Amino acid sequence: MKMKMLEYFITLAEAKSINEAAQKLYITQPSLTKALQLFEKEIGVSLFCRTHAGIVLTEAGKKILPEAKQIVEYYNGWLGLSKQNFLTTIDVYAHTSLSGFLFPDIILYFKEKYSDLNINYSTVPCPETFLSHDIRRPVIALAICEEGGRCDTDRNQRVNGYVQVLLLQGEYGCLVNKNGPLAKQRSIALEDLKSHYFFIAPNLQEMVEKPGFMASVLQDTVNTVSSHKMVQVETVANVIELLQKYPEGYVIACYPACNRYAGVASGELVYIPLKGHEAKVNIWGCEKMELI
């Protein structure tokens, strides 16, 4: 039995006439009739009978039709495997607070080991919303959520069928200049920030509007600090550069991700936890179950 016979049978079963089925299959009506007769002879049962309304499936035909569809579906899937032997592209989306933290180095390591693998790396306010069910192009999301809870992926139905792996734990706090007045404190309350300049990374409004734990920390800070004390710049790098020049300012940062800045490593910038504000977070990696 050839797969083509099953395809002929399925097409005719779903068509209104032999002529319509033949046109869909791009063969002549006599060729289709002969092929189906040979198929019936091979399996030993009649699949169609003629009525005044045209051809209809016999009881045997009704039983075989769903099974034939399943066989053809399996067969096409097997053929598709030959086109999916190797992954060619992986998309990695990281939370904005994780920009440049560890993952570029990991990606470089994989690029050196798997030179044919194309890895696209982007930082966004809500990485879990980019998860995809396309196994030919998997997506890894590096997200942040409140400590003790998993990321709220229920808000996006596309992420169903994925698992979350805890990568590390951290917290949100303030990054300040070592020569600034805030550097002397062991912890900082939001009220302490009112008289200092709040240096803001790009896309602040987008980050505040997106669900997630950073949104709540930023929103509380924005609600506490006067708009006259907010300074928004073009890039995260510009924010850090500005903080190194002006000791009167601060930024909201995620620890330990803020250790990636050279100023933190050299001691020019100091990380100080928030006081009276629950800021502990978990950093999760989200991926499709079959790919973890």
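View 1. The chain has five aromatic pairs, where rings of Phe, Tyr and Trp (its six-membered ring) count as a pair if their centres lie within 6.5 Å. Planes under 30 degrees apart make a pair stacked, over 60 edge-to-face, and the rest tilted. F9 and F48 are edge-to-face, with 5.7 Å from centre to centre and 65° between the planes. This pair links distant parts of the chain, since F9 belongs to helix α1 (residues 3–14) and F48 to strand β1 (residues 48–51), 39 residues apart. Helices (H or I, at least four residues) and strands (E, at least two) are DSSP runs, numbered from the N terminus. Both F9 and F48 are buried; buried means under 20% relative accessible area, exposed over 50%, and partly exposed in between (1.4 Å probe, protein chains only). Ring pairs also bring in F39, giving a cluster of F9, F39 and F48.

A word on what you're looking at: this is a predicted model, with local features needing pLDDT of at least 70 and side-chain atom pairs counting only at pLDDT 80 or more, while totals for chains, interfaces and linings use all residues. Residues are numbered from 1 along each chain as its sequence is written, and side-chain values use heavy atoms, with hydrogens and water left out.

**View 2. F198 with Y250.** Here the ring centres are 5.2 Å apart and the planes sit at 5°, so F198 and Y250 are stacked. F198 is in strand β7 (residues 197–200) and Y250 in strand β9 (residues 249–255), so the pair ties together parts 52 residues apart in sequence. F198 and Y250 are both buried.

**View 3. A lysine over a ring.** Look for K229 over the face of Y197, 4.5 Å from the ring centre. To count, NZ of Lys or CZ of Arg must be within 6 Å of the ring centre and within 35 degrees of the ring normal.

**View 4. Helix α1 end to end.** How far apart are the end C-alpha atoms of α1? They are 17 Å apart, which agrees with the 16 Å that twelve residues should span at 1.5 Å a residue. The expected span is 1.5 Å times one less than the number of residues. Its buried residues are M5, L6, Y8, F9, I10, T11 and L12.

**View 5. T58 in its loop.** T58 sits in the loop between β2 (54–57) and α4 (59–81). Is T58 buried or exposed? Its relative accessible area is 15%, so T58 is buried. Leaving out residues up to four places away in sequence, T58 touches S46, L47, F48 and C49; contact means heavy atoms within 4.5 Å.

View 6. E59 and K62 are three residues apart in helix α4, so about one helical turn separates them. E59 is exposed at 61% relative accessible area, whereas K62 is partly exposed at 47%. Another joins E67 and K63, at 3.1 Å between the closest N and O atoms.

View 7. E241 and K245 pair up with their closest N and O atoms 3.4 Å apart. Both lie in helix α8 (residues 236–245), four residues apart, about one turn of the helix.

Technical notes: A salt bridge is a side-chain nitrogen of Lys or Arg within 4 Å of a carboxyl oxygen of Asp or Glu.
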